[in-house]
Amino acid sequence: MNNEIDILKRALAREKSARKSAERILEEKSRDLYRISQKLETLLAEKSAQLQGVFENIIDAYVIIGIDGDILKFNDAAKRLFEYNIDEEPINVVQLIFPEDHEYAMNSFLDLKKYGYFKNYEARVLTKSGEVKWVHINASIVYDVGRVPIAAQGIVRDITEIKNLEVQKEKLLKKLEGSNDLLQEYAHIVSHDLKSPLRSIDALVHWIKEDNQGQLDETTIQNFKLIETALEKMELLITDLLDYASIGAKDTLKEEVNLNDLMRDLQSILFIPDHIKVIMPKKMPTVIGDPIKLQQLFQNLIGNAIKFSDKTKGEINIDVIELEGYYQFSIKDNGIGIDQKFHNKIFEIFHSLNKSKSSTGIGLSIVKKIVDMHGGKIWLNSELDFGTTFYFTIEK
Amino acid sequence: MKGIVFTEFLDLVEDKFGLEMVDYIITKSDLESEGVYTAIGTYSFSEMLQLLKHLSARTELSIDKLLLVYGEHFFSVLETSYPGLLASYKDPIEMISSIENHIHVEVRKIYPDAELPTFTVVDRSEKMLIIDYTSSRAMHHFGLGLMNKTFEHFDSTADIVLEKIKPDGTEVRFVIHKN
Amino acid sequence: MNNRLKILLIEDDTIEVMKLKRVVTTLGLDHQIEEANNGEAAFSLLKNAEDLPDIILLDLNMPKINGIEFLTTLKNDDKLRYIPTIILTTSNNQKDMLACYRLGIAGYILKPLKYEQYAKKIEFLLAYWSANELIK
């Protein structure tokens with residue numbers, strides 16, 4: 001009996017000790033837990049402060065919306081953008097959507113739900129005062145620990161100004177295109193209207209001469225000749241002006257042009273006097289461009305070389321070298337040459353160096369415009385009395 | 001060794017042999033803890049060895065036999081304490097296979113410092129499982145008891161053959177055929 | 001063997017009219033020239049004419065109805081559309097030329113600056129058409 005009581009006493013003592021030891025262990029555990037949670041809280045506070053800083057200082061508007069679309073949070077930029085103070089007046093995201101963009105917005109929300117994010121959303125929003133603004137939004141879903149969506153966050157950038165500029169730019173381009181077309185039309189009409197009186201004068205002069213044959217003195221006949229020359233010059237000027245205006249018009253072609261064929265055609269068009277030799281040692285490449293304009297380019301440059309040849313044996317060298325991304329052509333003559341001080345000016349319109357019957361000062365402007373159009377550059381080397389080399393490039 | 005292994009062991013001893021037996025094996029052993037155990041404490045494994053040795057001597061039951069019974073008992077502890085863990089399995093083979101990768105992971109969440117045996121699946125089919133046990137404690141019969149009860153839990157039975165890879169029982173192969 | 005042509009010249013410029021008449025006279029040809037200063041006048045002439053002209057010479061740039069508009073209306077008229085129409089113009093505008101050929105023309109002649117060249121072109125033109133068999 002005594003033995004039994006002793007056993008029970010010992011068992012009881014063990015149970016008591018066990019309880020106390022358990023309590024001690026638990027106390028330690030809870031102290032540990034407290035320390036850990038303190039640490040976590042500090043960490044959380046730090047992170048929160050950092051996030052709060054980001055939230056407040058971010059230049060773009062930052063918005064958090066609930067799953068039902070209610071706005072949960074606006075940073076200051078968002079408040080300024082949308083003009084709502086959500087602490088005082090609860091709003092739903094639907095109220096912010098510009099009616100015409102509703103469908104686009106809804107589709108984007110579906111994307112957001114499906115993929116967890118959307119990027120580069122661009123649409124209009126309505127501010128509290130009814131102002132329409134263009135915004136760019138990147139958004140993503142916020143999940144809780146168990147991957148359950150609890151909200152959506154978005155960075156909203158006001159792109160109204162950029163959009164307005166884009167619209168303005170488009171309008172301007174349209175207008176420019178329109179005025180270019182109109183200018184083309186005008187150029188044709190003006191050229192017709194300018195040429196008509198020239199033809200009439202020429203006819204009238206012709207008739208006066210015909211009707212008074214044998215009765216006109218030498219001076220009058222000479223004066224009539226001068227009138228005719230002036231008329232021809234005027235006609236040429238108008239034609240060149242029209243050509244110049246036509247370059248860069250909408251109907252410019254972009255096709256493969258075999259420059260060998262083009263050169264062959266040119267030799268039959270250009271009048272090459274017997275004392276001038278045109279040398280083209282290399283095979284010409286095929287380039288992409290407008291065939292008529294390219295022909296005009298070579299015609300004007302070779303024509304100039306012929307026109308300004310003053311040697312008893314004229315020589316015109318046409319050459320090409322292939323470079324990275326483009327071809328470089330050169331047309332070299334041994335003619336009168338161009339003074340260095342005019343090199344910059346000769347490509348300007350109406351800047352004719354030689355006031356002659358056959359020169360209007362537009363030819364090289366046309367050349368420059370055509371080279372520009374084909375993405376190239378033009379320049380020259382020249383020495384007075386020894387000749388000129390024109391270089392130009394055309395993109396491959 | 002985790003305190004719960006001691007408390008549950010002593011409860012089982014009390015249940016089967018009476019409080020006197022508990023008192024006897026504790027008094028007989030030289031225990032640092034003086035036989036004071038709480039489930040959440042941690043105690044030396046040598047204490048368990050002494051308790052088992054004295055129980056075996058007194059009851060004339062082999063240590064393996066005792067561990068087998070204890071293992072079977074311990075399964076009921078799991079059943080009552082962690083029903084959710086068992087509910088996640090539909091099949092005993094599946095459950096035993098995932099001791100290492102699931103059950104022990106869960107155990108470590110509660111007892112981060114628990115020293116657990118290693119179970120390696122060698123071969124497995126729907127009806128058969130070969131799994132190797134490795135532990136310095138050589139408590140393979142404790143594992144066998146748990147396995148028996150696992151099959152019982154899923155209303156099935158199995159022939160479980162235990163092959164010692166190392167004679168000291170620190171590495172043992174379980175060959176299980178589900179009936 | 002050469003036909004005597006009845007020509008309708010639609011031209012607003014008095015001197016251009018004089019030029020054509022002078023060429024015909026100078027060449028000693030016996031063609032009959034009718035003039036209209038603009039498209040509207042030409043139509044009223046065509047509507048009231050007892051016999052239609054053999055050919056029409058049409059200037060493109062004219063007041064009231066311009067040449068292309070005139071041509072469009074002409075080609076939509078069941079009776080008048082068969083009259084060969086030759087464009088006489090200063091405009092070598094690709095767009096105009098395409099529009100004219102699309103509508104259907106019998107020729108497109110650029111008026112040169114020099115009267116002599118003009119006279120030559122007209123001479124060829126008249127010779128060609130008077131050598132043609134025309135619907136009477």
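Predicted model: local features only at pLDDT ≥ 70, side-chain atom pairs only at ≥ 80, totals over all residues.
Part of the setting of C:Leu113 comes from chain A. Apart from neighbours within four places in sequence, C:Leu113 is in contact with A:Leu198, A:Arg199, A:Asp202, A:Leu231, A:Glu232 and A:Glu235. Within chain C, the C-alpha atom of C:Leu113 is separated by 9.2 Å from that of C:Thr90, and the two residues are 23 residues apart along the chain.

The contact between chains A and C involves 16 residues of chain A and 12 residues of chain C. On the side of chain A, the elements that give two or more residues are α5 (160-211) and α6. Helix α5(A) supplies the largest share, with 13 residues. By class, this side of chain A consists of 6 nonpolar, 5 polar and 5 charged residues.

Chain A also touches chain B, with 9 residues from chain A and 10 residues from chain B taking part. Here the residues on the side of chain A comprise 5 nonpolar, 2 polar and 2 charged.

## Overall build of chain A

Chain A contains 9 helices and 12 strands. It has 396 residues, of which 21% count as buried.

## Two helix pairs in chain A

Helix α6 of chain A (residues 218-246), which also gives residues to the side that touches chain C, packs with helix α9 of chain A (residues 363-373) at an angle of about 15°, and their axes are 10 Å apart. Because angles under 35 degrees count as roughly parallel, α6(A) is described as roughly parallel to α9(A). The crossing of α6(A) past α9(A) is left-handed. In this contact, A:Asp240, A:Asp243 and A:Tyr244 of α6(A) meet A:Gly363, A:Ser365, A:Ile366 and A:Lys369 of α9(A). The residues of the contact include 2 nonpolar, 2 polar and 3 charged.

A second pair is formed by helix α7 (residues 259-269) and helix α8 (residues 291-307) of chain A, which pack at an angle of about 55° with their axes 10 Å apart. These two helices are therefore oblique to each other, and α7(A) passes α8(A) in a right-handed crossing. From α7(A), the residues A:Leu262, A:Asp265, A:Leu266 and A:Ile269 meet A:Pro291, A:Leu294, A:Gln295, A:Phe298, A:Gln299 and A:Ile302 of α8(A). This contact has 7 nonpolar, 2 polar and 1 charged residues.

## The sheet of chain B

In chain B, 4 strands form an open sheet in the order β1-β2-β4-β3, with antiparallel pairing. Strands β1 (118-124) and β3 of chain B stand at the edges; each has a single partner strand, so one side of each lacks a neighbour in the sheet. On average, neighbouring strands of the sheet are turned by 20° against each other, direction ignored.

Strand β4 of chain B (residues 171-178) pairs with β3 (residues 158-164) in the antiparallel sense over 7 bridges. One of the residue pairs here is B:Asp159 with its bridge partner B:His177 in β4(B). The hairpin of β3(B) and β4(B) has 6 residues between the strands, and B:Gly169 in this hairpin takes a positive phi near 80°. Strand β4(B) also pairs with β2 (residues 128-134) of chain B in the antiparallel sense, over 7 bridges. In β4(B), B:Ile176 stands opposite B:Leu129.

Helix α8 of chain B (residues 140-153) lies across β2, β3 and β4 of that chain. Relative to β3(B), helix α8(B) runs at about 165°.

Notes:
Residues numbered from 1 in each chain as written. Chains lettered and ligands numbered in written order. Pairing = 2+ DSSP bridges. Contact = placed C-beta atoms within 7 Å. Nonpolar A, V, L, I, M, F, W, Y, C, P; charged D, E, K, R; others polar. Buried ≥ 20, exposed ≤ 12 C-beta atoms within 10 Å, placed from the backbone. Axes fitted to C-alpha atoms, helices over the stretch in contact; angles between N-to-C directions. Parallel < 35°, antiparallel > 145°, perpendicular 65-115°, else oblique. Left-handed = near helix turned anticlockwise from the far one by under 90°.
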